[in-house]
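Student: Could you walk me through this structure? I am new to it.

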Amino acid sequence: MFFRKEVATVIALSDRNKIITVLEQQGIKVYTKTLDNFTGGLFENRRTQGTFGMDTSVYKIYVKSSNYETAKKIIAAMQ
């Protein structure tokens, strides 16, 4: 993502939502990207083998480059 930096990668939707809420409360605009680990490519057959009901997504959270350091400090304070 152009002019944006990744501040966190999480696998739990609840963690994604918590980080987004806290950053937005601090006035930082957040951008997210969701990656599904079991679609397409070499492992296409995994979609039908044992993933029913599993959250197989990875959530990447980005902020503008100018807010990167502040966002990292806020996320570190949350943990």
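Tutor: Let us begin with a definition: two strands pair if DSSP finds at least two bridges between them. Strands (E, at least two residues) and helices (H or I, at least four) are DSSP runs, numbered from the N terminus. This is a predicted model, in which local features need pLDDT of at least 70 and side-chain atom pairs count only at pLDDT 80 or more, while totals for chains, interfaces and linings use all residues. Residues are numbered from 1 along each chain as its sequence is written, and side-chain values use heavy atoms, with hydrogens and water left out.

Student: How many bridges join β1 to β3?

Tutor: Six bridges link β1 and β3, and the two strands run antiparallel. Thr 9 stands opposite Lys 60 in β3.

Student: And what is the order of the strands in the sheet?

Tutor: The order is β1-β3-β2, in an open sheet of three strands with antiparallel pairing. β1 and β2 stand at the edges with a single partner strand each, so one side of each has no neighbour in the sheet. On average, neighbouring strands of this sheet are turned by 25 degrees against each other, direction ignored; the axes behind such angles are lines fitted to C-alpha atoms, for helices over the stretch in contact, and angles run from 0 to 180 degrees between N-to-C directions.

Student: Let us turn to β3. Is Ser 57 buried or exposed?

Tutor: Ser 57, in strand β3, counts as buried because its relative accessibility is 15%. Buried means under 20% relative accessible area, exposed over 50%, and partly exposed in between (1.4 Å probe, protein chains only).

Student: What about Lys 64?

Tutor: Lys 64 is also found in β3, which covers residues 57-64, and at 39% relative accessibility Lys 64 counts as partly exposed. Leaving aside neighbours within four places in sequence, Lys 64 is in contact (heavy atoms within 4.5 Å) with Phe 3, Arg 4, Lys 29 and Tyr 31.

Student: Moving on, which residues of α1 are buried?

Tutor: Arg 16, Ile 19, Ile 20 and Leu 23 are buried in α1. They cover an arc of only 100 degrees around the axis, which puts them on the same side of α1; the arc is that of the directions from the helix axis to the C-beta atoms. Ser 14 and Gln 25, on the other side of α1, are exposed.

Student: What do the buried residues of α1 pack against?

Tutor: They pack against β1 (4-10), β2 (30-36), β3 and α2 (68-78).

Student: Where does α2 lie?

Tutor: α2 lies across β1 and β3, and runs at about 15 degrees to β1.
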